[in-house]
Amino acid sequence: MDMWQGKHFSITDPKDVRTVIYQINKTEKEFLDQSPKYTIQRLDYSEEIRGENTRKTFYVDNPSKDEDQLVILSFGKDRVVVNMALLEGNKISISKKPMPLKFDSIYNEEKVEYREFTYTPNLKRPICIIDPETAEEVTPSLYFDEQTNEVKGKCKLKPYKSYFAFEIRDKKDN
């Protein structure tokens, strides 16, 4: 039988709010010269309906020994609330001073648009594009760019629709 190793914690979303959480990973030293310094990974979760609220239990599959940095995105009507958190041992703390987070709302009225970004050699990505209505990620199509010798992702964005995009950077990279 396989052993599950990891941590979990729960939050409760009020009606019409959808929360998703991402773990921030520092890129391994051997990949740093050709990769972004940070990548993100969406946490898996299970849901339980409690009246008009939804209780979500999030799972951190590979927690670090020290601490794990998390980005908490809560999508509501016409807005996104962004919080940062630290998972240390069995305690989660919401940060008062958030880590630098670049985010944009993407909107296009012309035609279908494609956004492209590079993956790390171990197929982790630095950027995430989310549909704010469903809080689901826009799934990129992966391909190998022979000219640059890199794995890249391409997201297809629909016209007349807003998207939420974010990436983690160092303060000095702003």
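1. A residue counts as buried when its relative accessible area is under 20%. Q23 has a relative accessibility of 5%, so Q23 is buried. The model in which this holds is a predicted one. Q23 belongs to strand β2. The C-alpha atom of Q23 is separated by 8.4 Å from that of T39, a residue 16 positions away along the chain.

2. Strand β2 provides the largest share, with four residues. Sorted by class, the lining of the largest pocket has eight charged, six polar and six nonpolar residues.

3. Aromatic contacts come next. The model has five aromatic pairs. In one of them, Y22 and F166, the ring centres are 5.3 Å apart and the planes stand at 75°, so the pair is edge-to-face; the cut-off for that class is over 60 degrees. Y22 is in strand β2 and F166 in strand β15, so this pair ties together parts that lie 144 residues apart in sequence. Both Y22 and F166 are buried, and F166 has a relative accessibility of 2%.

4. F166 also pairs with F164. Their ring centres are 6.1 Å apart and their planes meet at 40°, so this pair is classed as tilted. F164 is buried as well, with a relative accessible area of 6%. One aromatic cluster is formed by Y22, F75, F164 and F166.

5. Two lysines are placed over tyrosine rings. K56 lies over the face of Y45, at 4.7 Å from the ring centre. The charged end of K161 sits over the ring of Y163, and here the distance to the ring centre is 5.8 Å.

6. Which way do strands β13 and β14 run, and how many bridges join them? They are antiparallel, and five bridges join β13 (residues 141-145) to β14. L142 has G153 of β14 as its bridge partner. The hairpin of β13 and β14 has four residues between the strands, and N149 in this hairpin takes a positive phi near 60°.

7. Positive phi values are also found in loops elsewhere in the model. D16, in the loop between β1 (7-13) and β2 (18-26), has a phi near 70°, a positive value in a residue other than glycine. Y160 is in the loop between β14 (150-157) and β15 (162-168). The phi of Y160 is near 65°, again positive in a residue other than glycine. Is Y160 buried or exposed? Its relative accessible area is 56%, and the threshold for exposed is over 50%, so Y160 counts as exposed.

8. Strand β2 holds Q23 and Y22, and β2 gives the largest share of the lining of the largest pocket. Strand β15 holds F166, which is paired edge-to-face with Y22 and tilted with F164. Strand β14 is joined to β13 by five bridges, and the loop between β14 and β15 contains Y160.

Methods
Residues are numbered from 1 along each chain as its sequence is written. This is a predicted model: local features need pLDDT of at least 70, side-chain atom pairs count only at pLDDT 80 or more; totals for chains, interfaces and linings use all residues. Side-chain values use heavy atoms; hydrogens and water are left out. Helices (H or I, at least four residues) and strands (E, at least two) are DSSP runs, numbered from the N terminus. Buried means under 20% relative accessible area, exposed over 50%, partly exposed in between (1.4 Å probe, protein chains only). Rings of Phe, Tyr and Trp (its six-membered ring) pair if their centres lie within 6.5 Å; planes under 30 degrees apart count as stacked, over 60 as edge-to-face and the rest as tilted. A charge sits over a ring if NZ of Lys or CZ of Arg is within 6 Å of the ring centre and within 35 degrees of the ring normal. Ala, Val, Leu, Ile, Met, Phe, Trp, Tyr, Cys and Pro count as nonpolar, Asp, Glu, Lys and Arg as charged, and the others, Gly among them, as polar. Two strands pair if DSSP finds at least two bridges between them.
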